[in-house]
Amino acid sequence: MNALHQYQAVNTQTSVIDVDRHRLIQLLFEGALERINMAKGRIQASDYEGKNRLINKSIEIVSGLRSFLNIEEGQELASNLSDLYAYIERRLFEANVKNDVDMLDEVASHLRKVKEGWDGIREEALEQGIV
């Protein structure tokens, strides 16, 4: 089993090295959504330690997404996203404390909407050298 984890780690590192910044942010969205989904399963299985780890990792990812924002250049859009990410972080924390699957669904819905928008601007962002 240890060899499998090592392979997965190398595979993940290689994937991250080979991607552009736009794709890296897509991977962060995917990682947060995956962990939120897994946390819901851990709540249903009464594995609260596992749920805690997964939600905390989701909070770290959303915090990372927020740190990528350039408020000066992105102006109102970046500011609004920063506020949304802060809200998502708070809701994830609350969901963790309350073991609330509905809160996790709400947060996942917000992240999916932002991810859809981000996915939709890929070509334009690469052409303009934004990322």
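Biologist: Which hand does the crossing of α2 and α5 have?

Modeller: In this predicted model, the crossing of α2 and α5 is left-handed. α2 also passes α3 in a left-handed crossing, and α4 passes α5 in a left-handed crossing.

Biologist: Let's step back for a moment. How many helices and strands does the protein have?

Modeller: There are six helices and zero strands, and the order from the N terminus on is α-α-α-α-α-α. The protein has 131 residues, of which 31% count as buried. Among contacts with a separation of 6 or more, 62% come from residues 24 or more positions apart.

Biologist: Now to α2 and α3. What makes α2 roughly antiparallel to α3?

Modeller: The axes of α2 (residues 21-44) and α3 (residues 48-68) come within 8 Å and cross at roughly 160°. That angle is over 145 degrees, so α2 is roughly antiparallel to α3. Among the residues in the contact are Ile25, Leu28, Phe29 and Ile36 of α2, together with Leu54, Ile61, Leu65 and Phe68 of α3. The contact of α2 with α3 has 14 nonpolar, three polar and four charged residues.

Biologist: Leu28 is in that list. Why is Leu28 called partly exposed?

Modeller: Leu28 has a relative accessible area of 21%. Buried means under 20% and exposed means over 50%, so Leu28, with its 21%, is partly exposed. This residue lies in helix α2.

Biologist: Which residues does Leu28 touch, not counting residues up to four places away in sequence?

Modeller: Leu28 touches Ile61, Leu65 and Phe68. Leu28 and Leu65 are 37 residues apart in sequence, and their C-alpha atoms are 7.4 Å apart in space.

Biologist: On to the loops. Where is Ser46 found, and what is its phi?

Modeller: Ser46 is found in the loop between α2 and α3. Its phi is positive, about 60°, although Ser46 is not a glycine.

Biologist: What about Asn99: where is it, and what is its phi?

Modeller: Asn99 has its place in the loop between α4 (71-98) and α5 (101-120). Phi of Asn99 is near 55°, a positive value in a residue other than glycine. Asn99 has 27% relative accessibility, so it counts as partly exposed.

Biologist: How do you know that α4 is roughly antiparallel to α5?

Modeller: The two pack at an angle of about 155°, with their axes 9 Å apart. Since this angle is over 145 degrees, α4 is roughly antiparallel to α5. Residues of α4 in the contact include Leu81, Leu84, Tyr85, Ile88 and Leu92, and those of α5 include Met103, Leu104, Val107, His110 and Leu111. By class, the contact of α4 with α5 has twelve nonpolar, one polar and four charged residues.

Biologist: Leaving aside neighbours within four places in sequence, which residues are in contact with Ile88?

Modeller: Ile88 is in contact with Val62, Val107, His110 and Leu111.

Biologist: One last topic, the core. How many residues has the largest nonpolar core, and which have the most contacts inside it?

Modeller: The largest nonpolar core has 26 residues. Those with the most contacts inside it are Phe29, Ile36, Tyr85, Ile88, Leu92, Leu104 and Leu111. The elements that give two or more residues to this core are α2, α3, α4 and α5, and α5 gives the most, with eight residues.

Biologist: What tends to happen to nonpolar side chains in soluble globular proteins?

Modeller: They tend to be buried together.

Conventions
Residues are numbered from 1 along each chain as its sequence is written. This is a predicted model: local features need pLDDT of at least 70, side-chain atom pairs count only at pLDDT 80 or more; totals for chains, interfaces and linings use all residues. Side-chain values use heavy atoms; hydrogens and water are left out. Axes are lines fitted to C-alpha atoms, for helices over the stretch in contact, and angles run from 0 to 180 degrees between N-to-C directions. Helices (H or I, at least four residues) and strands (E, at least two) are DSSP runs, numbered from the N terminus. Angles under 35 degrees count as roughly parallel, over 145 as roughly antiparallel, 65 to 115 as roughly perpendicular and the rest as oblique. A crossing is left-handed if the near helix is turned anticlockwise from the far one by less than a right angle, and right-handed if clockwise. Contact means heavy atoms within 4.5 Å. Ala, Val, Leu, Ile, Met, Phe, Trp, Tyr, Cys and Pro count as nonpolar, Asp, Glu, Lys and Arg as charged, and the others, Gly among them, as polar. Buried means under 20% relative accessible area, exposed over 50%, partly exposed in between (1.4 Å probe, protein chains only). A nonpolar core is a set of buried Ala, Val, Leu, Ile, Met, Phe, Trp, Tyr and Cys residues joined through side-chain atoms within 4.5 Å.
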